[in-house]
Amino acid sequence: MTNLSNLSDKIKQWGETAPKEIDESFIVYKEELLDWNKKFNLTRTTSDQGIYLEHFLDSLIPLKYTIIDDYETMLDLGSGPGFPGLPLKLAKPGIKTCLLESNFKKVRFLKALIRKLEIPEIEVYHVRAEELAHDQLHRNGYSLVVNRAVSSLNVVSEISLPFLNRGGRLLVWKTVEQFENEQKEAQAALKLLGGSIKNTFEYQLSKNRNPYLIVEIEKTGLTPDKYPRNVGIPQKRPLS
């Protein structure tokens, strides 16, 4: 049984206020995602329940721990078809949001969906993060960065921290196993980048699924100007 029409109830269970139109917005989101997916490869998850759990609910997990309540600006790095940034924006419409995506087809989808849902104060950029991070309009320009992509934690940190102002937070979605394997090298990289791991939040999307983590990283100092390095270098030669 799908729960697409009950996301507002889930948000309320977590003690948060849900915008009155949020359930309808998520239904439109799902319909548009599946329609565009017929032409473009936006997602491998195509069941209503899969989209609810793996995309929408997973994106909204920070609300459960009230870890995005105090932020005014949010950047989603590697947003894909909008996860996690767009569901978070729908739940927290007051956050000024930027979705960053290098795949042009996904950018087209995001812009069309944003127009259809008439979402205010949100921008979509078709550019690599390694390039945009050296733009002075964006460097140190965000209080919250979110990332649900697959890169290792040290790579994500190098690309993400330059966007954060001091005291800002980076939230990274990881499996428990990934975090255990990546934590040591990530901590070494964070010393170079001006950040530190502040907390981890463990959760399960359903009882029969493996646990996941949201890793919360704090921007504690200035990131040296040379970071992030040129496109592709963080992945080829990760900091450690």
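# Exercises on a predicted model

Ser-102 lies in the loop between β2 (96-100) and α5 (104-117). Helices (H or I, at least four residues) and strands (E, at least two) are DSSP runs, numbered from the N terminus. The model is predicted: local features need pLDDT of at least 70, side-chain atom pairs count only at pLDDT 80 or more, and totals for chains, interfaces and linings use all residues. Residues are numbered from 1 along each chain as its sequence is written, and side-chain values use heavy atoms, with hydrogens and water left out.

## Exercise 1: Ser-102 and Val-127

Task: Is Ser-102 buried, partly exposed or exposed? Which residues does Ser-102 touch, apart from those up to four places away in sequence?

Solution. 
- Step 1. Take the cut-offs: buried means under 20% relative accessible area, exposed over 50%, partly exposed in between (1.4 Å probe, protein chains only).
- Step 2. Ser-102 has 43% relative accessibility, so Ser-102 counts as partly exposed.
- Step 3. Look for contacts, meaning heavy atoms within 4.5 Å. Ser-102 touches His-126, Val-127 and Arg-128, with residues up to four places away in sequence not counted.
- Step 4. Turn to Val-127, in the loop between β3 (122-125) and α6. Under the rule that leaves out residues up to four places away, Val-127 touches Leu-100, Glu-101, Ser-102 and Leu-132.
- Step 5. Check two C-alpha distances. Ser-102 and Tyr-125 are 23 residues apart along the chain, with 8.0 Å between their C-alpha atoms. Val-127 and Lys-92 are 35 residues apart in sequence and 25 Å apart in space, C-alpha to C-alpha.

## Exercise 2: The nonpolar cores

Task: Which residues touch the most other members of the largest nonpolar core? Which helix gives the largest share of this core?

Solution. 
- Step 1. Define the set: a nonpolar core holds buried Ala, Val, Leu, Ile, Met, Phe, Trp, Tyr and Cys residues joined through side-chain atoms within 4.5 Å.
- Step 2. The largest core has 49 residues, and Tyr-29 and Leu-60 touch the most other members.
- Step 3. Helix α3 (residues 48-64) supplies the largest share of this core, eight residues.
- Step 4. List the neighbours of Tyr-29, leaving out residues up to four places away in sequence. They are Phe-56, Pro-81, Gly-82, Phe-83, Leu-86, Pro-87, Leu-90, Phe-109 and Leu-113.
- Step 5. A second, separate core has 28 residues, including Cys-98, Phe-163, Ala-189 and Tyr-227.

## Exercise 3: Two helices cross

Task: At what angle do the axes of α2 and α5 cross? Which residues make the contact?

Solution. 
- Step 1. Axes are lines fitted to C-alpha atoms, for helices over the stretch in contact, and angles run from 0 to 180 degrees between N-to-C directions.
- Step 2. The axes of α2 (residues 22-37) and α5 come within 11 Å and cross at roughly 145°.
- Step 3. From α2, the contact uses Ser-25, Val-28, Tyr-29, Glu-32, Leu-33 and Trp-36. From α5 come Lys-105, Arg-108, Phe-109, Ala-112, Leu-113, Lys-116 and Leu-117.
- Step 4. Sort by class: Ala, Val, Leu, Ile, Met, Phe, Trp, Tyr, Cys and Pro count as nonpolar, Asp, Glu, Lys and Arg as charged, and the others, Gly among them, as polar. The contact of α2 with α5 then has eight nonpolar, one polar and four charged residues.

## Exercise 4: A threonine in a loop

Solution. 
- Step 1. Leaving aside neighbours within four places in sequence, Thr-223 is in contact with Arg-139, Leu-161, Pro-162 and Leu-193.
- Step 2. The backbone oxygen of Leu-193 is the one 2.7 Å from a polar atom of the Thr-223 side chain.

## Exercise 5: Backbone angles

Task: Which residue is joined to Pro-84 by a cis peptide bond? Where is Glu-118 found?

Solution. 
- Step 1. Start from the rule: most residues other than glycine have a negative phi, and most peptide bonds are trans.
- Step 2. Phe-83 is joined to Pro-84 by a cis peptide bond, with omega about 5°. Pro-84 lies in the loop between β1 (73-77) and α4 (85-91).
- Step 3. The bond from Tyr-227 to Pro-228 is also cis, with omega near -5°.
- Step 4. Glu-118 is found in the loop between α5 and β3. Glu-118 is not a glycine, yet has a positive phi of about 55°. At 69% relative accessibility, Glu-118 counts as exposed.

How values were computed
Polar contact = N/O pair within 3.5 Å; in protein donor to acceptor, adjacent residues only side chain to side chain.
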